[in-house]
Amino acid sequence: MNNIRTIYWEDNTVVMIDQKALPMEERYLTCSRYEEVIAAIRDMTIRGAPAIGIAAAMGIALGALHLEAKDDRAFRNAFNDICDQFAQARPTARNLFWAIEGMKACFETALTGKTGLKKVGSAQIDSSDVYAAIKQALIEEAIGIGNEDIAANRRIGLHGRFFIKNNDRILTHCNAGALATAGYGTALSVIRAACEEGKTVHVYVDETRPVLQGARLTAWELMKESISATLITDNAAGFLMQQGKIDLVIVGADRIAANGDTANKIGTYSLAVLAKEHGIPFYVAAPLSTFDLSIRQGKDIIIEERDGKEVAEFEGRRIAPYGIDVYNPAFDVTPYRYITAMITDAGIARPPFEENIKKLFPQKTAYDI
Ligand code: MRU
């Protein structure tokens with residue numbers, strides 16, 4: 001089992017592994033102000049849809065902790081303002097917005113019920129005690145979101161491991177591992193679970209231009225656990241499929257629409273089309289918190305565009321001619337028809353996705369997924 005600690009709450013700070021420094025250096029960033037957490041999400045010190053959501057939850061708790069609450073209205077306004085700032089951090093990962101909704105629901109429940117302090121029976125409750133209790137409830141909620149993510153990822157692994165046969169060669173894209181979540185991963189959870197039950201696998205890791213999450217992060221995670229792996233350029237994936245070297249593809253997701261269209265790291269769509277051409281199963285592994293049933297189809301998913309420097313520079317060194325126009329979408333959308341099955345914490349969804357995804361959501365949760 002991996003012992004990677006992606007993000008955690010410690011002594012009223014948010015601590016996260018600095019994913020920009022990996023794999024060369026394993027260092028941690030300690031955020032004592034919520035603005036530092038927003039900056040870390042933006043600059044991809046922390047990245048991956050579920051990890052971004054957990055960072056937001058903890059960042060919101062951190063921001064609330066330092067609010068000077070005078071009355072309910074002022075407290076709520078200041079709290080909502082912090083939430084709005086987190087919502088601007090990155091647009092595509094559904095988990096960010098899911099976590100913000102969860103924190104808002106927690107806040108309202110705590111404020112309305114004054115976290116049960118009334119039940120103490122004292123007629124003289126100091127309002128600062130009430131607000132301190134609400135802040136504590138928010139911290140516990142954020143920690144709980146992180147813990148639940150690990151549990152959900154474990155369930156993804158348990159459901160998905162049957163798709164992997166002994167000696168399978170698996171292609172994965174980007175990093176959908178422990179680093180992209182609170183721990184254990186989504187796409188990598190399926191691989192981890194298969195290995196944990198004694199199967200031998202070999203993982204081909206797309207380097208994942210331009211930020212190189214595959215080369216830097218997935219390769220690092222797999223090596224840490226001695227899971228056999230080979231790093232390839234993104235451009236080599238089709239050639240490997242043509243050579244019969246890939247048995248299945250597993251990727252994570254940033255947002256999944258109601259019809260199953262899936263936004264994930266740029267390059268995922270090309271892989272899915274190639275997989276179909278070669279008759280290779282293509283699986284998406286994601287927790288329910290990544291599904292956005294309010295969006296009917298993938299074309300309505302907002303795709304983040306990042307700084308052209310990520311493409312035109314390499315580690316701060318210019319590699320393209322100055323003045324060249326650069327287009328740098330961070331994600332693409334894979335239409336549902338290319339996806340063999342979705343592996344979630346609530347079970348497997350197969351086509352027809354529109355119908356079967358709904359069945360994974362027996363009732364609306366408190367987060368109104
Ligand atoms: O830009 P990133 O690194 O945040 O993009 C991450 C991905 O696209 C992952 O594949 C996705 O979030 C799934 S992670 C469990």
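Biologist: Let me start with a detail. Which residue in strand 16 is the bridge partner of M342?

Modeller: That would be A349. Keep in mind that we're looking at a predicted model. M342 belongs to strand 15, residues 341-344, and strand 16 covers residues 347-349. The two strands pair in the antiparallel sense, over 3 bridges. A hairpin of 2 residues takes the chain from strand 15 to strand 16.

Biologist: What else pairs with strand 15, and in which sense, parallel or antiparallel?

Modeller: Strand 10, residues 282-285, runs parallel to strand 15 and is joined to it by 3 bridges. Across that pairing, A285 sits opposite I343.

Biologist: Which way do the residues of strand 15 point, and are they buried or exposed?

Modeller: A341 and I343 point one way, while M342 and T344 point the other way. All of them are buried.

Biologist: How confident is the predictor here? What does the chain average in pLDDT?

Modeller: The average is 95, and 94% of the residues score at least 70. Residues 118-122 are another story: pLDDT there is below 50. Apart from near neighbours in sequence, that stretch has 1 contact in the model.

Biologist: Now the start of the chain. What is the strand order in the 3-stranded sheet?

Modeller: The order is 1-2-3, the pairing is antiparallel, and the sheet is open. On average, neighbouring strands are turned by 25° against each other, ignoring direction.

Biologist: How many bridges join strand 1 to strand 2?

Modeller: There are 4, with strand 2 spanning residues 13-17. E10 faces T13 of strand 2. In the loop between strand 1 and strand 2 you'll find D11. Its phi is near 45°, a positive value in a residue that isn't glycine. D11 has a relative accessible area of 70%, so it counts as exposed.

Biologist: Where else is there a positive phi in a residue other than glycine?

Modeller: N167 is a case, with phi near 70°. N167 lies in the loop between helix 5 (127-160) and strand 4 (168-172). At 52% relative accessibility, N167 is exposed too.

Biologist: I'd like to read aromatic pairs. What describes a pair of aromatic rings?

Modeller: You use the distance between the centres and the angle between the planes. By the rule used here, this model has 8 aromatic pairs. Take Y8 and Y28: the centres are 6.3 Å apart and the planes are at 50°, so the pair is tilted. Y8 is in strand 1 and Y28 in strand 3, 20 residues apart, so to speak a link between distant parts of the chain.

Biologist: Are those two tyrosines buried or exposed?

Modeller: Y8 counts as buried, at 16% relative accessibility. Y28 is partly exposed, with 35% relative accessible area. There's also R5, lying over the face of Y8 at 3.8 Å from the ring centre. R154 lies over the face of Y184, at 4.0 Å from the ring centre.

Biologist: Which residue forms a tilted pair with Y34?

Modeller: F86 does: 6.3 Å centre to centre, with 40° between the planes. Y34 is in helix 1 (residues 34-42) and F86 in helix 3 (residues 72-87), 52 residues apart. Both Y34 and F86 are buried. Elsewhere, ring pairs link F75, F79, F107 and Y131 into a cluster.

Biologist: What is the strand order in the 4-stranded open sheet?

Modeller: That order is 11-8-9-14, with mixed pairing. Strand 11 (291-292) and strand 14 (331-334) stand at the edges. Strand 8, residues 255-257, pairs with strand 11 in the parallel sense over 2 bridges, and A257 has D292 as its bridge partner. Helix 9 (residues 268-277) packs on this sheet, touching strand 9 (262-265) and strand 14.

Biologist: Last one. Which residues does a cis peptide bond join, with omega about 0°?

Modeller: R209 and P210. P210 sits in the loop between strand 5 (201-206) and helix 7 (213-224). Another cis bond joins P351 and P352, with omega about -5°. P352 is in the loop between strand 16 and helix 11 (353-359).

Definitions and conventions
Residues numbered from 1 in each chain as written. Predicted model: local features only at pLDDT ≥ 70, side-chain atom pairs only at ≥ 80, totals over all residues. Heavy atoms only, no water. Pairing = 2+ DSSP bridges. Axes fitted to C-alpha atoms, helices over the stretch in contact; angles between N-to-C directions. Phe/Tyr/Trp six-rings, centres within 6.5 Å; stacked < 30°, edge-to-face > 60°. Buried < 20%, exposed > 50% of the residue type's maximum accessible area, 1.4 Å probe, protein only. Lys NZ or Arg CZ within 6 Å of the ring centre and 35° of its normal. pLDDT = per-residue confidence, 0-100. Contact = heavy atoms within 4.5 Å.
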